[in-house]
Amino acid sequence: MLKIIIPTIMLMPLTWLSKKNMIWINTTTYSLLISLISLSLLNQPSNNSLNFSLMFFSDPLSAPLLVLTTWLLPLMLMASQHHLSKEPLIRKKLYITMLTMLQTFLIMTFTATELISFYILFEATLVPTLIIITRWGNQTERLNAGLYFLFYTLMGSLPLLVALISIQNLTGSLNFLLIQYWNQALPNSWSNIFLWLACMMAFMVKMPLYGLHLWLPKAHVEAPIAGSMVLAAILLKLGGYGMLRITTMLNPQTSFMAYPFLMLSLWGMIMTSSICLRQTDLKSLIAYSSVSHMALVIVAVLIQTPWSYMGATALMIAHGLTSSMLFCLANSNYERTHSRTMILARGLQTLLPLMAAWWLLASLTNLALPPSINLIGELFVVMSSFSWSNITIILMGANITITALYSLYMLITTQRGKYTHHINSIKPSFTRENALMALHMTPLLLLSLNPKIILGFTY
Amino acid sequence: MNPLIFTTILMTVLLGTMIVMMSSHWLMIWIGFEMNLLAIIPILMKKYNPRTMEASTKYFLTQATASMLLMMAIIINLMHSGQWTITKVFNPTASIIMTSALAMKLGLTPFHFWVPEVTQGISLTSGLILLTWQKLAPMSILYQISPSINLNILLTMAVLSILVGGWGGLNQTQLRKIMAYSSIAHMGWMTAVLVYSPTLTMLNMLIYIMMTLTMFMLFIQSSSTTTLSLSHTWNKTPLTTTLILITLLSMGGLPPLSGFMPKWMIIQELTKNSSIILPTLMAIMALLNLYFYMRLTYSTSLTMFPSTNNMKMKWQFETKQITLLPPLIVMSSLLLPLTPMLSILD
């Protein structure tokens, strides 16, 4: 794993020592090369973990997430070039350093064996994200957004620290490779109920669960494009990954402790999808759609069947790519009109036809059109929740319908119809933007040819 | 002040603390405390104005009361054990009185009222000595009598200190008062784990001293005592803003900075001793501290408040050269990977 971590750390001296006209080229190229190294981890011959040392390992769950993380760094750098073009050189280098630091912590989080090390790195990802949101965001609300983000996550994760330490006292080690072999059932008592809650709340806040999701629209909307991309694509999946890892230790209480959270998620996905239909702010719409998709993942993880785990993993990867692509598209609108209001930039198909093609593909994958991996994820989750309880099919069906509604609403408002007269002088699409969308879409489309690599460890 | 006299007085302060830390006779310890107190008064009053006089008087009165209580505890101990050696305290009453006296010296709740007022009234350098060096002597006595301290009283004082340190600092804009409340909260963390593992108290003291030294030196370098003047550092030395950000986040206890290490170790030690609600409560209350540190970082490094053109072109006096600053900054933020080395402290 060091073959990925050390080059990522070395991206920081690369940034600081590059010449002025080479910083973007250097960092994008080398981060792209690092992502190609991580692709070799996808070759998992058995269900056991691969590449492990005492501290880092990768298994069929963390390998796709790792590949997504490393794939996203060059995309983030490409997306940030425009809004940083007017800043002084040192601030550009600082921004890239923050992104690289975040990347390093994320890679180490996804490959950590020891759960306390996972916790420390999980918290460590908060600091660069906070700096990116509050320092480089655009509106005054970014300060409040940063505070909400930091404190919601910390309030949830401090009990997790205490819970992890008490589990370590009980079982002697928190090394994940060991725990999966001598796992014992948790006896049923009040203190174990609180242990379950303490373990899960951190990840529930991060996912986010419907009642605790207030930080997400704020943070996503106020962050600059790279911040939004990494938040939507990876940081939410940290919650899902953590839940998938820690539920192995928390049986059999999950069978009855999960009910409140299942209800909140099932109801919340309908609520947040419906809110999307009423949004005027484009980024806010994409943020709420993230909450809705992640609610599906929470339902899948809490049901704990092999098919639902497959659906959760596939949905995480698919949603990461789709959501990040939607934020890039919204940002291309924002850079031209300097406003996030949807109706201010409509009828773009006449003006920017190629971008309209990307908008179409992104909206289609967002509403889980076959044969994309979004559909595979959602379908597995719907099927496994149907087998858990027949009534959920009503809610799931309603959710799929409303998702289709708001995705098409977003597509039609921004692309179709007559364009407004005040935007007929916008710049045409840059090659960089088209390349960005292509790099998002190509893995998404190619994965639908071989989805078994993202189906996780229950395949 | 005449440099020779200043050196003598400073040496007396050092000598006083050394006597406290290294004696085995209770009377010598009391003498050390008194020497320390009498010698630090002129240092607190380096600038001669009514504000510093008020601060020094308050400090003198509280510390003298604490020393008197300490003497009473020593005499009761003498009555019940018949000897002056410092081992454990042989009588519960003496133990309670001694704990209260040392809590008064440290600034634990409910004896914390002097800390913000005294720290605010003195200069930054004197405040630095007050909040770091002066804590060493009482803490060393607490370390030595730790087997006989009444757990209920100490834990109550610790938890209340963390609460007061968090809540009290929320309404402050003066930097010295913010540091004072942060000191109250950190003292609370240190004393909470004293009975379980005094080694961790010392670890927390060490890291707290490093972080407070760094913060004060960064304040001294930009000569700023209010949040408003701290928000002008982007103009004078832009690098200082990043360093203030890192050190403040470290004081708030965020991983991966070294301020997380004492909190993590303390939570681990308390959980091993089967108290689980207590460290959870303590950790959540430390978030209050983090809130006002975040507010400071917002005004200093992460935003640029609207300022008039006058403020953008400040007088550039000669840069103060603080030699110790870079290693302190490195130590107060990057020490977390060295946590496995803590086994050498046992």
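Start by selecting Ser274(B), in the loop between α13 and α14 (277–302) of chain B. Helices here are DSSP runs of H or I with at least four residues, strands are E runs of at least two, and both are numbered from the N terminus. Ser274(B) is not a glycine, yet its phi is positive, about 60°. Its relative accessibility is 64%, so Ser274(B) counts as exposed. Exposed means over 50% relative accessible area, buried under 20%, and partly exposed in between (1.4 Å probe, protein chains only).

Before moving on, note that this is a predicted model: local features need pLDDT of at least 70, side-chain atom pairs count only at pLDDT 80 or more, and totals for chains, interfaces and linings use all residues. Residues are numbered from 1 along each chain as its sequence is written, chains are lettered from A and ligands numbered from 1 in the order in which they are written, and side-chain values use heavy atoms, with hydrogens and water left out.

Select His338(A), in the loop between α15 and α16 (348–351) of chain A. His338(A) also has a positive phi, about 55°, without being a glycine. His338(A) is exposed, at a relative accessible area of 60%. Most residues other than glycine have a negative phi, and most peptide bonds are trans.

**Two cis bonds**

Go to Met207(A) and Pro208(A): the peptide bond from one to the other is cis, with omega near -5°. Pro208(A) sits in the loop between α9 and α10 of chain A. Next, select Pro370(A) and Pro371(A), joined by a cis peptide bond with omega about -10°. Pro371(A) is in the loop between α17 (353–366) and α18 (373–388) of chain A.

**Inside chain A**

Select α10(A), residues 215–222. Seven of its eight residues are buried, so the helix is largely enclosed by the rest of the structure. Among the buried ones are Trp215(A), His220(A) and Glu222(A). Show what covers them: the cover includes α6, α7, α9 (190–206), α11 (225–246), α14 (282–303) and α15 (306–337) of chain A. Contact means heavy atoms within 4.5 Å.

Now pick Thr111(A), in the loop between α4 (89–110) and α5 of chain A. Thr111(A) is buried, at 0% relative accessibility. A polar atom of its side chain lies 2.9 Å from the backbone oxygen of Ile107(A). Beyond neighbours within four places in sequence, Thr111(A) is in contact with Met1(A), Met55(A), Phe56(A), Phe57(A) and Leu66(A).

**The A–B interface**

Colour both sides of the contact: 27 residues from chain A and 24 residues from chain B. The two chains bury about 2400 Å² between them, 85% of it on carbon and sulfur atoms. That area is the accessible area (1.4 Å probe) that two parts lose on being put together, summed over both. Two residue pairs are in polar contact between chain A and chain B. On the chain A side, α5 (115–124), α6 (126–136) and α7 (141–171) each give two or more residues. α7(A) gives the most, with 16 residues.

Gln268(B) is buried, with a relative accessible area of 15%. Gln268(B) touches Ile165(A) and Gln168(A), leaving out residues up to four places away in sequence.

A polar contact is a pair of N or O atoms within 3.5 Å; within protein, one must be able to donate a hydrogen and the other to accept it, and residues adjacent in sequence count only if both atoms are side-chain atoms.
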